[in-house]
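User: I've got a model open here and I'd like to talk it through with you. Can we go from the overall picture down to single residues?

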Amino acid sequence: MFKKVSIATASATLATLSTFSGASAIVNGSFENGFTGWSTIGDTSIEDSSFGTAPSDGNFNALMNSDFGVSESELEAFLGLGLGDIDSSLNIDATIGSGIKQTIFAEAGDTLTFDFNFLTNEFTPEEFFNDSAFVSITSLELLADTNSNFVTSMTPVSEETGYQSFSFTFSETANYTLGFGVVNVGDTIVNSGLLIDNVELTASTPEPTTILSLFTTACGAFSLLKRNQKKEV
Ligand SMILES: [Ca+2]
Ligand SMILES: [Ca+2]
Ligand SMILES: [Ca+2]
């Protein structure tokens with residue numbers, strides 16, 4: 001009887017421990033398998049370093065271009081946004097653009113991280129034709145625009161920000177549409193691009209004291225189990 005209880009306690013404790021490493025993963029977050037797991041709209045492609053700039057993780061990354069994109073309303077519908085959300089959130093007049101998305105499940109405390117590289121053929125800085133790149137999670141967040149800092153690019157696009165990292169911590173457990181987009185602003189010409197790579201979701205870690213007490217419980221249960229087995233032999 002005592003032995004049974006010990007096994008139950010031990011396995012329950014281990015089950016509790018294992019949930020802390022079980023955050024749902026992003027499917028193909030490094031784009032090493034093309035666009036598997038992602039939906040795309042507009043002008044998108046998978047690139048490697050032959051594009052003229054290296055991916056931040058592995059051999060491939062995702063590219064979106066503002067030229068040859070879809071209308072802003074189509075892009076908004078694709079990303080699950082309301083009509084006019086891109087203009088109002090970023091205080092711009094977007095015209096056309098491209099995007100990618102994936103539905104993800106995140107728990108409160110989980111952290112989403114990714115790397116982005118914004119490229120533009122616009123003059124920089126440029127006040128009016130302020131092509132912009134954004135991430136869409138619970139709201140739209142600007143990643144970069146023509147007023148960002150640039151270096152000369154070896155890609156077909158003249159300037160790039162170089163890869164930078166972005167981090168977002170979820171406050172509620174839910175399904176989210178994770179979207180990335182790049183738009184032309186003020187007109188529908190002079191391309192800008194957005195490279196995305198290394199999209200990861202990291203589970204929140206429990207407090208060190210919680211881990212310690214869980215391990216103590218697990219160890220205690222196992223030693224109790226061992227002792228009981230010894231007695232019976
Ligand atoms: Ca990659
Ligand atoms: Ca607009
Ligand atoms: Ca443009």
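This is a predicted model: local features need pLDDT of at least 70, side-chain atom pairs count only at pLDDT 80 or more; totals for chains, interfaces and linings use all residues.

User: What percentage of the residues of the protein count as buried?

Analyst: Residues are numbered from 1 along each chain as its sequence is written, and chains are lettered from A and ligands numbered from 1 in the order in which they are written. A residue is buried if 20 or more other C-beta atoms lie within 10 Å of its own, exposed if 12 or fewer, and partly exposed in between, with C-beta atoms placed from the backbone. Of the 233 residues of the protein, the share that counts as buried is 35%.

User: How many helices and strands does the protein have?

Analyst: Both are DSSP runs numbered from the N terminus: helices are H or I with at least four residues, strands are E with at least two. By that count the protein has 4 helices and 13 strands.

User: Which strand pairs with strand 5 over 11 bridges?

Analyst: Pairing here means that DSSP finds at least two bridges between two strands. Strand 5 (residues 94-106) runs antiparallel to strand 1 (residues 39-41), joined by 3 bridges, and antiparallel to strand 4 (residues 70-71), joined by 2 bridges. Thr-40 stands opposite Ile-100, and Ser-71 stands opposite Ile-96. The antiparallel partner over 11 bridges is strand 12 (residues 174-185).

User: And in strand 12, what is the bridge partner of Ile-100?

Analyst: Ile-100 is the residue of strand 5 that Thr-40 faces. In strand 12, the bridge partner of Ile-100 is Phe-180.

User: How many residues does the hairpin between strand 7 and strand 8 run through?

Analyst: Strand 7 (residues 132-136) and strand 8 (residues 140-145) are antiparallel and share 5 bridges. Ser-132 stands opposite Asp-145 in this pair. The hairpin that joins strand 7 to strand 8 goes through 3 residues.

User: Which residues have the most contacts inside the largest nonpolar core?

Analyst: A nonpolar core is a set of buried Ala, Val, Leu, Ile, Met, Phe, Trp, Tyr and Cys residues joined through C-beta atoms within 7 Å. In soluble globular proteins, nonpolar side chains tend to be buried together. The largest such core has 41 residues, and those with the most contacts inside it are Phe-116, Phe-118, Ala-133, Leu-143, Leu-194 and Ile-196.

User: Which helix supplies at least two residues of this core?

Analyst: Several strands each supply at least two, including strand 3 (61-65), strand 6 (111-120) and strand 13. Ala-133, one of the residues with the most contacts inside the core, touches Phe-116, Phe-118, Leu-143, Ala-144, Val-182 and Leu-194, not counting residues up to four places away in sequence. The helix that supplies at least two core residues is helix 2 (72-78).

User: Is Leu-63 buried or exposed?

Analyst: Leu-63 lies in strand 3. Leaving out residues up to four places away in sequence, Leu-63 touches Thr-44, Ser-45, Glu-47, Gly-193 and Leu-195. Leu-63 and Asp-197 are 134 residues apart in sequence but 9.3 Å apart in space, C-alpha to C-alpha. Because Leu-63 has 24 C-beta neighbours inside 10 Å, it counts as buried.

User: Where is Pro-125 found?

Analyst: A cis peptide bond joins Thr-124 and Pro-125, with omega about -10°. Pro-125 is found in the loop between strand 6 and strand 7.

User: What is phi of Val-190, roughly?

Analyst: Val-190 sits in the loop between strand 12 and strand 13. It counts as partly exposed because it has 19 C-beta neighbours inside 10 Å. Although Val-190 is not a glycine, its phi is positive, at about 65°.

User: How far apart in space are Ala-203 and Leu-112?

Analyst: Ala-203 is in the loop between strand 13 (192-202) and helix 4 (208-232). With 17 other C-beta atoms within 10 Å, Ala-203 is partly exposed. Ala-203 and Leu-112 are 91 residues apart in sequence, and their C-alpha to C-alpha distance is 9.0 Å.

Definitions and conventions:
Two residues are in contact if their C-beta atoms, placed from the backbone, lie within 7 Å.
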